[in-house]
Amino acid sequence: MLQSSAAASALDWLALQLDYFVPQQDRKTASRNKPLLELIVLMVHGLRRGLLDQNPSATRIIDRLTVFAQGHELRNRPVRNSNELILRAGLCAFLRITNRPDLAHEAVLQRTIDTGLLDQSGRLPHHMMIERTVLDWGGFSHRLPPLAELTTSSVLVRKPDALYQTEQSIYELTHDVMFGYTFGDRPPSELTPSQLAQLNRILSDALMRFGRQGHWDLVGELLLAWDCLRFEYDAIYENAWSELIAAQEVDGSIVAIEPADTETDEIHTDSQSPARRRFAERYHSTLVLVLAAMSRTERDAPADPDHKIQTVRPRADHASSSSTSQGADWFAAVLKSPNLTLTAAMGGLVGLTLISAIDDRATVLADGAIKPLFSRLHSSAQLAGVPAALTLAVFAVLRNRGLDVPIITGFVDGIRSVVDTPTSGNTPRWCEERAILARLGLLPTAKLPAPAEFWHALTGRHVDPEHIMRLAAAHSDASLLEPDRTGARRLESLGIDTLRRSNLVAGCALLRSAHTLGPLDRDRARSVTAFLQAQQCPDGGFGVIPSASDLGAMDPDIDIRLPISLAVWWTLAEINTSFRLFSQPLNRRATP
C-alpha cells in the first residue's frame, strides 16, 4: 500500500490525466509513446511489489489501460520501430500481471524481437536497460545483455564528478541507476565501495544543485536513485524530500521545473491548450514522486520474509500460434464473413493455397475454400469486378488441382485476348497479366517487353518501385540476366528498400522477381521471411487499416488487407519452397 499521502495525492492527479496519457485513435496522437510507457512502468512496478493494492486511483488507471491495451489500433498494426515495440511489450506485461494476457499480441511482438530489430544499432546503456526491464517483465525472449553487464558499461563505474555534469548527463545517470537496479529490485553488487562512495557524493551534490533551481523532476529521480543504491538517509536526502513535498500543489501535481511557465515540447507540439500544457509540464515529475515514494515505502516498511515479488513472465503459450496458423485463420475468417464477396472468396482460396505450400496444416482449409467459391460463381459477368491478376491466380490454383471451372477458364481466355492485342499505352496496365499468362503457357514470351527497358530502368537515380514492379513481373527467364549480371542484385536491393518503406505489395513483387532471376541466398531469404512475419498483425492478416475518413467506401479487409496479405504469403511461399504459383503444380516445402 502507498503509505505516503503525498504519493497518494500524486497518483490521484495522474488518474485524472488519463485522456492525455492514453492517446486517442488518430494518427496525431498515436505516436505519443513516452508518457504512456512511463505510466505502464509505474503500474507494472507497483503491482509487482503489491504497492498499489486497493488504491481507487490505481484501479481507475488499471481499468483504462486495460481497455486501451485490448482495443486500440496500436495493437493491430505492425511494429515499425524499437520505441513502439517496447511500448507494446509493456502493455502485454501489464495485461499479464492483471491476469488478462493477450497471446496473439505477444506472439507478434516475439516474432519482431526475433528478427533482430533491437540488434541493429548501438544505444546508450540506459536505453537498453529500459528495453531489457520491460521485455523481462513481459517474459519475452531477447538477446539484450544482462543488467549487471549493462551497469558495468555505464557511467556508474566511471566515478562521475559533479564538476562536469550537465542536466542531460544527470538524467542519464539516474536512469542508469533506476533501470540498472530495477527500482531497487536488486542490490548494486557489481559496484565497488569506492564507486558507491563517488555516486553518493554526486547524488548529494546534484540534490543540492537541482533543489536550489527548483528542478523537481530531477530531484525526484535523484531521490529514487538514492534508494535504489540503498544509501543511508542523511540530512541532504531528508531535506530534498521535504522540499519536493512542499513543491506539491493542492491537486497533487508538481511542476517539473520552476518557474511555472517553463515550456516542454515533448507532447503538446500540436496543441497549446492550457490543460495539455499543464499536463506536459507536470506529468513526469508527479509520476516520479510516486515511484520514489514506493522505493522509500519499501525501505521503511518492516521486512517480510515471506514476501515475493510478483512475476509477470508469460507462460510458454505466448508463442504457441505460428505465423502460418495465424495467417490461415485470417483467410478462413474472411471466408466465413457474412458479407462474403466473390473477391474475398477467391482471395481466401489463393491465400490458403499459398500458406499450404509452406505448412501442410493449411491444405485442408485450402481444399475447403473451393466450395464457397463455386457456390458464389454463377456467370462470367461477376468476374468483371475482380482484379484480373486474382482471377488468373485462382485459375492457376484450380488447374494445379486438376479442376476446370468453365466460367473462370472462359474469362481467362478473354483476358488473354485483351493483353495479346497490341494497343498504345496498355503495356504498363497489363504487364503483370502478360507475365502471368506467359508463365501459364497461355501467351508467347515474345510478347513481353524487351529486357533492355528493364535493366535501364534500374540504373536511374530516381527509381519508381511501382514501375519497376510492373517491368520485373514480365521477366521470368534467368537468361535475361545476360545483358547485366548485376541486375538481379539491383532488383533485390530495390525490393529491400521498398519493404523498408512499408510498401509491402511492391517490395514483395520486386523480391519475387529477383528470386526468380537469381535465387535469394539463404541469409537474405531468412531475413526477408523474418521481416515479413514481423509485419503480421495479431489477427493473422497484414496491412494497417487507415482511419475511417481515409477509407471512404472501401472495405478495409477486402480492398486493403487482402491484397497485402496475398502479396506477403506469395513471397514467403516462393522464397522458402520450390512452389511457383504460375509455373508448376503445388509443391510442398523444399528439402533444405
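Good morning. I begin with helix α18, in which Ala388, Ala389, Leu390, Thr391, Leu392, Ala393, Val394, Phe395, Ala396, Val397 and Leu398 are buried; buried means under 20% relative accessible area, exposed means over 50%, and partly exposed lies in between, for a 1.4 Å probe and protein chains only. Helices here are DSSP runs of H or I with at least four residues, numbered from the N terminus.

The structure is a predicted model, in which local features need pLDDT of at least 70, side-chain atom pairs count only at pLDDT 80 or more, and totals for chains, interfaces and linings use all residues. Residues are numbered from 1 along each chain as its sequence is written, and side-chain values use heavy atoms, without hydrogens and water.

To return to α18, 11 of its 13 residues are buried, so this helix is largely enclosed by the rest of the structure. Helix α18 covers residues 388-400 and reaches 18 Å from its first C-alpha to its last, close to the 18 Å expected; the expected span is 1.5 Å times one less than the number of residues. Just after α18, Gly402 has a positive phi of about 75 degrees.

Lys159 has a phi near 50 degrees and sits in the loop between α8 (147-152) and α9 (167-180). Lys159 counts as partly exposed because its relative accessibility is 42%. For Arg230, phi is near 65 degrees, and the residue belongs to the loop between α11 and α12 (235-246). Arg230 is partly exposed, at 41% relative accessible area.

Finally, a word on confidence. The mean pLDDT, the predictor's confidence in each residue from 0 to 100, is 83 for the protein, and 80% of its residues reach 70 or more. Confidence is lowest in helix α21 (residues 451-457), with a mean of 54, and highest in helix α11 (residues 216-228), at 97. Over residues 25-31 the pLDDT is below 50, and this stretch has 12 contacts in the model beyond near neighbours in sequence, a contact being heavy atoms within 4.5 Å.

Technical notes:
Helices (H or I, at least four residues) and strands (E, at least two) are DSSP runs, numbered from the N terminus.
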